[in-house]
Amino acid sequence: MNQMNKSKNWYRDAVVYQIYPRSFYDTSSSGIGNINGITAKLDYLKGGPEGLGIDAIWISPIFTSPMADFGYDVANYTDIDPIFGTIKDFKNLLEQAHARNIRVILDFVPNHTSDKHPWFIESASTRDNPKRDWYTWRDPAVDNGPPNNWLSYFRGSAWQYSEATGQYYLHSFLTKQADLNWDNPEVREAMKQAMRFWLDMGVDGFRVDAVDGLSKDAELRDEPLAPYHDPAVRPYNYTDLLHPFSRDGPHLYERLNEMASVMAEYDNRFMINEAHPKGDDIVVGYAEYYAAIDPDNSAPFNFQCIYLPWQANAFRSYIDHFQSTMLPNYTPIYTLGNHDEPRLASRIGIPATRTAAMLLLTLPGMPFMYYGDEIGIENVAIFPDQVRDPFAEPGKGRDPERTPMQWDASANAGFTNGQPWLPVAADYAERNVAVQLANNASLLHLYKSLLKFRKSSVALREGSYQSIDCGEQIFGYIRKNESHSLVILLNFSDQAQPLPESLQLEEIMLSTISNRSIQNSAWLEPHEGQIRGLKLSDFNC
Ligand code: GLC
């Protein structure tokens with residue numbers, strides 16, 4: 001049954017599709033997506049006649065969890081939560097995915113466990129429990145308050161008092177997500193064992209959550225106020241402190257390497273770290289990650305393209321800078337969206353989503369797509385009584401980008417026969433997979449064409465990257481290997497843009513405008529992206 005392409009280093013150029021499992025497809029009528037739902041949609045992703053053509057899926061956490069942070073609060077690292085199914089369902093998914101040559105990446109959450117994890121329950125029970133030191137416990141400060149000024153990323157102090165033993169425990173996120181103590185070698189060993197459990201089963205890799213916290217200051221020193229913060233104006237919150245002590249501590253790279261070395265025990269596996277390097281020049285921070293942590297088995301996520309303003313110059317200068325640090329055995333990880341950030345279509349506007357698709361799928365490395373972006377799902381308005389995200393403050397939170405996938409025009413967009421856990425977008429009858437599959441000019445068709453093009457083009461998958469100067473509004477770059485050269489031209493503006501004469505001569509191989517006439521090829525239409533075959537001898541712009 002295992003038809004998987006055995007090619008070494010599959011991850012170097014794989015296109016990964018992130019699935020937020022609660023919202024993908026529900027076969028149980030619970031209103032929450034499940035593992036069998038993912039299996040049922042594998043042909044959509046790849047394999048069937050309508051297949052999108054991705055290479056791998058990353059599934060946000062499916063382990064046993066009280067779901068305080070929807071799976072990012074793990075209560076058992078080696079079992080599946082019943083909401084999502086069983087180990088048997090997961091093994092079936094793995095087998096079915098591999099049969100279609102789809103790799104499976106799980107979401108590993110090493111920084112913290114649920115407060116319902118048996119390790120934490122033991123640890124919290126008595127001060128002399130053998131698991132006490134698996135978490136960080138400290139006496140109250142002299143005023144009985146928290147031991148230091150560290151803050152939770154979500155809100156309030158990073159410390160929670162526990163009556164039973166009269167001490168505080170550390171939690172970088174919710175109080176229900178207690179931070180593991182990675183200084184304890186038993187913890188490190190337990191986490192490596194959990195990784196091996198899934199790798200032994202055949203999982204192809206991990207996306208590793210919130211790695212910044214895996215090493216912290218041993219003395220737990222207070223963090224300084226950010227210089228711009230004025231405590232007279234308002235009490236400080238997470239972003240008003242600098243975080244030299246609670247994150248990115250002295251053993252971080254060593255610990256990530258320990259995890260990477262587990263990957264190296266197996267053939268052809270890869271981990272992608274949710275890293276947020278600090279410093280004035282973030283590219284230097286990323287470069288440090290690549291240099292320090294075995295790049296043959298891991299890479300840091302590069303989130304900057306989510307935060308950049310949608311301007312050709314901004315993308316060009318950032319990507320030029322980033323690519324200039326990439327060595328041949330580094331895998332760049334570009335992404336334009338995930339379950340923590342507002343939807344791509346809402347950030348840049350629907351017309352630009354076509355340009356963004358071409359950008360993401362023509363850059364070097366391992367691009368990550370977020371489910372639903374291929375049909376242009378936008379942020380969905382969430383009424384106060386519909387809020388589910390524990391991080392949410394009124395009007396904020398991450399629910400708007402986590403709403404159900406829109407499969408067709410039937411009730412609940414064909415996502416569930418039950419009551420969906422989050423509302424479905426109001427426009428689902430017009431914006432859904434079935435409608436877009438039937439329309440050759442749809443965004444979904446463009447994604448399929450781009451994925452097909454990428455698959456057939458060694459220059460796109462393995463070639464070098466070199467940007468070219470095509471004016472303020474166009475981000476242009478060449479992808480080139482020994483035999484082929486392509487130029488990618490992306491109009492970031494809503495106005496038509498003339499092209500340099502040297503490029504006008506080249507053949508348009510793919511445009512984001514499906515029915516574009518190849519006449520009039522002297523300019524880019526508003527928001528248009530083009531891939532052109534390039535004869536380098538002609539090129540002088
Ligand atoms: C990561 C996840 C986010 C989660 C947090 C705590 O940032 O992406 O969804 O809430 O870690 O685990």
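A: In this predicted model, tyrosine 371 is buried, because its relative accessibility is 0% and the limit for that class is under 20%. Phenylalanine 24 is likewise buried, at a relative accessible area of 0%.

With ring centres required to lie within 6.5 Å, the count of aromatic pairs comes to 44. One of them is formed by tyrosine 11 and phenylalanine 270, which are stacked, with 4.1 Å from centre to centre and 10 degrees between the planes. This pair links distant parts of the chain, since tyrosine 11 belongs to the segment before strand S1 (16-19) and phenylalanine 270 to strand S12 (residues 270-273), 259 residues apart. Both tyrosine 11 and phenylalanine 270 are buried.

The pair of phenylalanine 24 and tyrosine 371 has its ring centres 6.5 Å apart and its planes at 85 degrees, and is therefore edge-to-face. It too links distant parts of the chain: phenylalanine 24 sits in the loop between S1 and helix H1 (35-40), while tyrosine 371 sits in the loop between strand S14 (368-370) and H12, with 347 residues separating them. Phenylalanine 24 and tyrosine 371 also belong to one aromatic cluster, whose other members are Tyr17, Tyr25, Tyr44, Tyr370 and Trp407.

The loop between S14 and H12 also holds alanine 413. Although alanine 413 is not a glycine, it has a positive phi of about 60 degrees. Most residues other than glycine have a negative phi. Alanine 413 counts as buried because its relative accessibility is 0%. A positive phi, of about 70 degrees, is found at methionine 67 as well, again not a glycine. Methionine 67 lies in the loop between strand S3 (63-64) and strand S4 (76-80), and it is buried with a relative accessible area of 10%.

With a relative accessible area of 5%, serine 442 is buried. A polar atom of its side chain lies 3.2 Å from the backbone nitrogen of histidine 445. Leaving aside residues up to four places away in sequence, serine 442 touches Arg354 and Gln436.

The ligand has 13 residues around it, of which Asp69, His112, Asp209, Glu274 and Asp340 come nearest. This shell comprises seven charged, three polar and three nonpolar residues. An oxygen atom of the ligand lies 2.9 Å from an N or O atom in the side chain of histidine 339. For aspartate 69, the separation between a side-chain N or O atom and an oxygen atom of the ligand is 2.5 Å. For aspartate 340, an oxygen atom of the ligand is likewise 2.5 Å from an N or O atom in the side chain. The ligand taken alone exposes 310 Å², and the protein buries 96% of that area.

Conventions: Residues are numbered from 1 along each chain as its sequence is written. This is a predicted model: local features need pLDDT of at least 70, side-chain atom pairs count only at pLDDT 80 or more; totals for chains, interfaces and linings use all residues. Side-chain values use heavy atoms; hydrogens and water are left out. A residue is near a molecule or strand if one of its heavy atoms lies within 4 Å of it. A polar contact is a pair of N or O atoms within 3.5 Å; within protein, one must be able to donate a hydrogen and the other to accept it, and residues adjacent in sequence count only if both atoms are side-chain atoms. Accessible areas come from the Shrake-Rupley method with a 1.4 Å probe; for residues, only the protein chains shown count as cover. Ala, Val, Leu, Ile, Met, Phe, Trp, Tyr, Cys and Pro count as nonpolar, Asp, Glu, Lys and Arg as charged, and the others, Gly among them, as polar. Buried means under 20% relative accessible area, exposed over 50%, partly exposed in between (1.4 Å probe, protein chains only). Contact means heavy atoms within 4.5 Å. Rings of Phe, Tyr and Trp (its six-membered ring) pair if their centres lie within 6.5 Å; planes under 30 degrees apart count as stacked, over 60 as edge-to-face and the rest as tilted. Helices (H or I, at least four residues) and strands (E, at least two) are DSSP runs, numbered from the N terminus.
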